[in-house]
Amino acid sequence: TDLKRRLLRTQIAAADRSNRPEPRGAAGPGGQVLPSNEQIDNEAKLRGEYTGQLKEFTQVRDAFGRVATAAQDPSAAGDLALIFNYMKMLDPGSTVREGEFANAQNAAGVSDRVRAYWNNLQRGERLTPEQRVDFMKQAGSLYADSAASYNSTRDYYADLAKQYQADPGRILPPPQRYDPKAMNTIISDAEQYLKDNQREGQ
């Protein structure tokens, strides 16, 4: 990419001037060294690339939160919300809307099995407690995989920022790095809640 080529040029230039002090920005209030225009430009480009990588993860994370909430509502509306948001985790670009049937066109990234569950709910069927637990576990696995990928992306850009002598704090906005162990605890607690409290709707 252009960014990687710029990084290579920066590294070559740094080697050529190894006997000279590194250029620094102007001193600000209290003697604080402000970033140079080049640093600001590099940080802006890195931040733009990084935030562009977050879109799908953010969609998966938000859909997982809605799945967890819906799973604790053993009602027709709760079942619909659970499957709808689970499909969004599988296929963030899905265009299926609540109240309409899913098919290969509006939910291409969703399996036939999950689409069948959704369409059966549209016909008035309900999920069993065991099915709710199963979907919650699958949603947790999807979220964990997405979060692991997010962590790798965040670590990559944090390292890239350091190579540019930039401040990672100005490049990597929230959310912070995710802890898989903490996520597994959340998922396990939610699953236990479902097992202890859910009853199949009448």
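These notebook entries record what I looked up in a predicted model of one protein chain.

**Basis.** I number residues from 1 along each chain as its sequence is written.

**Fold.** I found 8 helices and 0 strands in the protein chain; helices (H or I, at least four residues) and strands (E, at least two) are DSSP runs, numbered from the N terminus. Along the sequence I read the pattern α-α-α-α-α-α-α-α.

Of the 202 residues in the chain, 36% are buried, that is, under 20% relative accessible area with a 1.4 Å probe, protein chains only. I then took contacts (heavy atoms within 4.5 Å). Among those with a separation of 6 or more, 64% join residues 24 or more positions apart.

**Second largest pocket.** I noted a volume of about 190 Å³ for this pocket. A pocket is an open set of points on a 1 Å grid over the protein atoms alone, where a 1.4 Å probe fits, with protein on both sides within 12 Å along at least five of seven lines; lining residues have an atom within 4 Å of a point. The volume is the space filled by probe spheres set on the points.

Which residues line the second largest pocket? I listed Gln53, Glu56, Phe57, Val60, Met89, Leu142, Ser146, Ser149, Tyr150 and Thr153. Two or more of the lining residues come from each of α3 (55-71) and α6 (129-163), and α6 gives the largest share, 5 residues.

How values were computed
Predicted model: local features only at pLDDT ≥ 70, side-chain atom pairs only at ≥ 80, totals over all residues. Heavy atoms only, no water. Buried < 20%, exposed > 50% of the residue type's maximum accessible area, 1.4 Å probe, protein only.
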